[in-house]
Amino acid sequence: MFHPLRESVRAAIKAAVARQFGLALPDVAVEFPPNVALGDLATPAAFEIAKRLKAATGEKRPPRDIALALAEALRADLAGFDRIEVAGAGYVNLFLRRAEALLAALEAPAATLAPRFGGKVVVEHTSVNPNKSAHIGHLRNAALGDALARILRAAGETVEVHNYIDDTGAQVADVVVGFVHIEGKSLTDIEAMTGKFDDYCWDLYARVGAWYAEDESRLRLRADALRAIERREGELAALAEHIAERIARCHLATMERLGIQYDALPCESAILRLNFWADAFERLKAAGAIVYETEGRRAGCWVMRAEPEAQEAAAPADAEHDADKILVRSNGTVNYTGKDIAYHLWKLGLLDRDFHYRAFYRYPDGHIAWLGGATAAESAAPPARFGRGAAYLNVIDAGQSYAQAFVKRGALAVAPPDAQGGIAASAHIAYEKVALTPASCLELGFALSEEDRRRPFVSMSGRKGLGVKADDLLDRLESKALAHVQAHQPALPEPERRDIAHKVAVAAIRYFLLKFARTTLIAFDFADAMAEQGETGVYLLYSLVRLASIRRKLRESGLDCPAPAVALRERLPQLETWLRDDGQAANEFWALAVTALRYDTALAEARETLEPSVVAKYAFQLAQAFSAFYNRHNIRHEPNEVRRAFLMTLASLVESRLRAALSVLGIEAPERM
RNA sequence: GCGCUCAUAGCUCAGUUGGAUAGAGCAACUGCCUUCUAAGCAGUAGGUCGUAGGUUCGAGUCCUACUGGGCGCACCA
C-alpha cells in the first residue's frame, strides 16, 4: 500500500513546489520516519527547495518557512491524511487516517506495481558446468536467480527462466578423460553405473586434476577430448553427451528440492552446431561493432573495442594489458565471449536462428523444462517460443563483470532502436562467491596449510574437490529439522514430519543465502548456515506457524472471526481509539500494520535494485514485529469480541504480507512445526 | 600498471535516490514456559562507521588522497 501512496505524495509535492515556488524538482525524497509517532511519510524537500531558491533568485528563505507553506499546500491537495505537520528545521510529516487506511488496505492486493521492463524478461541463473555435483556456491546463484524471477513476477513482469548448459566445455572433457584414461570405462560401463552419479564425478574430477598435475603432458588428452566433443565424433563425444545430460538432470533434481524450476535449458553444443556465431558475426560486422586487426600482436583477430576511457586508462602505461576484447582468434575460431554475444542476441530475438527443443525434465506440477540441445529430427514444439526477450538478467558471479560488459555492448550495437531500451535495462546480476571458513574445511575433512588456516576464508575448488555439496547440506539440514519435529510433534505421521523438516531445511538454506547483499562475500560456516535461532529462515517459519496456530485454536474454541474487516467497519470509532487515541499501545498496533503494509515498497525496491536481500531483511523485520505483538497480546483470550476481531485483523494482515514476502524468496511455511 | 568491489559493535552483517537518537543476529549477562508453539519474548552491556582532508543547513552514505582485503584485466572456457 505504501508504494503507490508514496508515489502520489511525491507527485503532489512536485506539483505544489512548481505552483508555489516556480521550481521543477527532478527528484523528491519521500521517506519513512524512524517511528510512527513522527508520521507515516515525511519529506525533507524544504531543504532542497531553499537551496534551489537561493541559487535561482538569490532569495534566502528559511527551510522551516518553506515547509510551512508546503504543508499548507499539501493539506489542500492530498486526501486520506489526518494531519500534515512541520517538524524540526523543515521536515514535513504526514500522518494517515489510520483506521480508514487499514480498512482500505485489507481489501487491496499485497502489491500492485507497474511493469518496469518493456516485455518479457529472460532470467538466466544456475548454469552449473554439468560435470560434478552442485555445491553451495551454485546454490547461492540459483537462490538469487529464483528469488529474482519470483520478485519480478510478483511485480507484474513476464519472466522466462533459463539455465545454460555448457555441455562442450573443458570441465566435461576432464571427466571424460577420467573415465576413459584413469578408469578405463566405456559408455556401456558408465550407463550401468548406479548411485549418485554427480557425486561420483565430483570425486573423479578432483582425481583428474591431481592426475594432470602429476604429468602435465596429460593435458593433451583433454585437448583431444575437447576436439572430439566439439566435432561430435566417436566414443568420447558420446560419453560427454551422456555425462552432461545425466549430471544436468542431477542438478535439476537438486534445485527441485529447493523448489527451483526452469523453463528452458539452452545448450552450448547447439550454439556451436547451429552456428549461431555465423549470424552474429555478420551482424556485428555490419554494425561496425568489431574490427579486424591487421598489425600488432593481435593481427588476424576480430576485436571489440573497449570504451574510449578504458582504453586510454590501460594502454599507455601497460603493454601487456589492454582493454579491448578479442572475439575471433587469428585462426578464425570464435572464443567464449563471442559465443556469449551470439547467445545473447538470440535471447533478445536478434538472431534468425533458434534451438531445437525436447522435453527434458518434468516437474510434479506438470511444468516441463525444455532442453535446447535436440537435433532437428527429434525436435518438438515447446508451449511457448523461448527467447525473444525484451531484456535479459544474468545471474553470474562478479568475476565475469568484464566479459559481461562486452556482451551488453555487442547487443546494444546490433539491436534496432526500438530494442535499445530493453537492453539498456538488461543487467549482469553480479554477486560475490561463497567461500569456506577454515573451520568448515576441517569439518569436511580437508587438511589445510598453516597459511590457509590463518586466512578468514578459503575459496572452494571443484578441481580440488573442495566444497560443500548442495545435496549434502540439505540432507544435514533436513535431518536436524526432523529431530526437532519428532520432539515437538510426536503425534504426526512420519510423512508429514518429513514434509515439515523439508520445508524447514529449505527455509533455512534459502534465507541464509538471501539475507546477504549480493556484493557480500559469504564465508560459509556450518554453524551459521544451520543456525535455527535469530535471523534465520526457521524464525520466519515459526512466525507463520504461530499465526496458523492462532487461527486453528480460535476455530477449535468456536471463536473464529470469519470477516473481521466487516465487524470492524461497523465499529469505526472504536477502531480509531485503538489505533490513534490510545497512546503507546495505539502506536504499537499501528507500527505493526505499517510494517506489514510496506511489503510493496520492499518488493518495489528489490525489483528496482535487483537485490533480493531487501525482501529477506523486510520479512525478518516483519516477523520480529509480529513476535513482539504475539507475546504482548493473547488473541484467543481476549474477552472483548470486537477487540479480538481487531487483533486478529492485524494478525491476518501480517500473515498475508509475510507469506507474500516468503513466497517471493521461495520459502513455504508448514501448518505446524 | 589499470578497472571493479569492500572496510560499521568481540564475531557475522543491515543501513531507504545525503536526513531526525547509527540498527539486527550471534556470543556475554539478567529475567519470563500450568496461559494462541520458549525453534520464542523482555532487558543490560558493547560503535571516534579503516585514516586524513573536502563538498553541504546536514555525511556511515558523495568527492579526493592514503592504508588494508577480495576480484578482474588470456588468441582459456
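Predicted model: local features only at pLDDT ≥ 70, side-chain atom pairs only at ≥ 80, totals over all residues.
Residues are numbered from 1 along each chain as its sequence is written, chains are lettered from A and ligands numbered from 1 in the order in which they are written, and side-chain values use heavy atoms, with hydrogens and water left out. Helices (H or I, at least four residues) and strands (E, at least two) are DSSP runs, numbered from the N terminus; axes are lines fitted to C-alpha atoms, for helices over the stretch in contact, and angles run from 0 to 180 degrees between N-to-C directions.

- The contact between α12 and α14 (heavy atoms within 4.5 Å) is made by Phe276, Trp277, Ala280 and Leu284 on the α12 side and by Gly338, Ile341, Ala342, Leu345 and Trp346 on the α14 side.
- The residues of this contact of α12 with α14 divide into eight nonpolar, one polar and no charged, where Ala, Val, Leu, Ile, Met, Phe, Trp, Tyr, Cys and Pro count as nonpolar, Asp, Glu, Lys and Arg as charged, and the others, Gly among them, as polar.
- Helix α14 (residues 336-347) also meets helix α15 (residues 401-414), their axes coming within 9 Å and crossing at roughly 50 degrees, which makes α14 oblique to α15.
- Helix α14 contributes Thr337, Asp340, Ile341, His344 and Leu345 to its contact with α15, which in turn supplies Ala403, Gln404, Phe406, Val407, Gly410, Ala411 and Val414.
- By class, the contact of α14 with α15 has seven nonpolar, four polar and one charged residues.

**The sheet β7-β8-β9**

- Three strands form an open sheet in the order β7-β8-β9, with antiparallel pairing, two strands being paired if DSSP finds at least two bridges between them.
- Strands β7 (290-292) and β9 (325-328) are the edge strands, each of which pairs on one side only, and neighbouring strands of this sheet are turned by 40 degrees against each other on average, direction ignored.
- Strand β8 (residues 302-304) is joined to β9 by three bridges, the two running antiparallel, and valine 303 has isoleucine 326 in β9 as its bridge partner.
- Helix α12 (residues 276-286) lies across β7, β8 and β9 and runs at about 125 degrees to β9.

**The sheet β1-β3-β2**

- Another open sheet has three strands in the order β1-β3-β2, paired antiparallel, with β1 (41-43) and β2 as edge strands that each pair on one side only.
- Six bridges join strand β2 (residues 81-87) to strand β3 (residues 91-96), which run antiparallel; isoleucine 84 stands opposite leucine 94 in β3, and the bridge partner of valine 86 in β3 is valine 92.
- Strands β2 and β3 form a hairpin with three residues between them, and glycine 88 in the turn has a positive phi of about 60 degrees.

**Two buried loop residues**

- Glycine 300, in the loop between β7 and β8, counts as buried at 17% relative accessibility, buried meaning under 20% relative accessible area, exposed over 50% and partly exposed in between (1.4 Å probe, protein chains only).
- Leaving aside neighbours within four places in sequence, glycine 300 is in contact with Tyr292, Glu293, Arg329 and Ser330.
- Methionine 460 has its place in the loop between α18 (450-454) and α19 (470-488) and, at 16% relative accessibility, counts as buried.
- Not counting residues up to four places away in sequence, methionine 460 touches His135, Ile136, Gly137, Val434, Leu436, Leu466, Gly467 and Val468.

Key: Parallel < 35°, antiparallel > 145°, perpendicular 65-115°, else oblique.
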